[in-house]
Amino acid sequence: MDNATAETIALQALAYLVSEEETLRGFLGQTGVSADDMRSRAGNAEFLGGILDFLFEQDERLIAFCNRTSISPEQAQNARSALPGATLPM
């Protein structure tokens with residue numbers, strides 16, 4: 001997967017995250033990132049990878065994102081692998 005496609009999927013994950021209040025609170029609490037940080041870092045590929053990492057931590061989160069966006073878990077996984085900061089083979 002090319003970086004542009006991976007970043008597009010990750011931006012969709014970010015949009016999903018901010019639309020889900022409870023999930024967003026969990027992300028903000030876990031990472032210490034503020035809403036302002038999220039806005040300023042939305043164009044940062046490594047930050048976007050972290051958004052996908054957060055979704056992958058719980059199957060329910062990932063499935064809800066995939067269902068909402070019609071992105072398959074495999075596509076999300078490929079996007080994560082294509083972005084900087086991926087440490088585990090997916």
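Student: What covers the buried residues of H1?

Tutor: The cover includes H2, helix H3 (35-41), H4, H5 and helix H6 (73-82). Helices here are DSSP runs of H or I with at least four residues, numbered from the N terminus. This is a predicted model, where local features need pLDDT of at least 70, side-chain atom pairs count only at pLDDT 80 or more, and totals for chains, interfaces and linings use all residues. Residues are numbered from 1 along each chain as its sequence is written, and side-chain values use heavy atoms, leaving out hydrogens and water.

Student: How do you know that the span of helix H1 agrees with what it should be?

Tutor: The expected span is 1.5 Å times one less than the number of residues. For the 17 residues of H1 (residues 3-19) that should be 24 Å, and the end C-alpha atoms are 24 Å apart, so the two agree.

Student: Which residues of H1 are buried, and what makes them line one face?

Tutor: Ala6, Ile9, Ala10, Ala13, Leu14, Tyr16 and Leu17 are buried. Seen down the axis of H1, they fall within an arc of 160 degrees, so they line one face of the helix. The arc is taken from the directions that run from the helix axis to the C-beta atoms. As a general rule, an α-helix has 3.6 residues a turn, so residues three or four places apart point the same way.

Student: Why is Arg61 called buried?

Tutor: Buried means under 20% relative accessible area, exposed means over 50%, and partly exposed lies in between (1.4 Å probe, protein chains only). Arg61 has a relative accessible area of 13%, so it is buried. Its place is in helix H5 (residues 59-69). Leaving aside neighbours within four places in sequence, Arg61 is in contact (heavy atoms within 4.5 Å) with Tyr16, Thr23, Phe54 and Leu55.

Student: What puts the buried residues of H5 on the same side?

Tutor: Those residues are Arg61, Leu62, Phe65 and Cys66. They cover an arc of only 125 degrees around the axis, which puts them on the same side of H5. They pack against H1, H2, H4 and H6. The face turned away from this buried side carries the exposed residues Asp59, Glu60 and Asn67.

Methods. Helix = DSSP H or I, 4+ residues; strand = E, 2+ residues; numbered from the N terminus.
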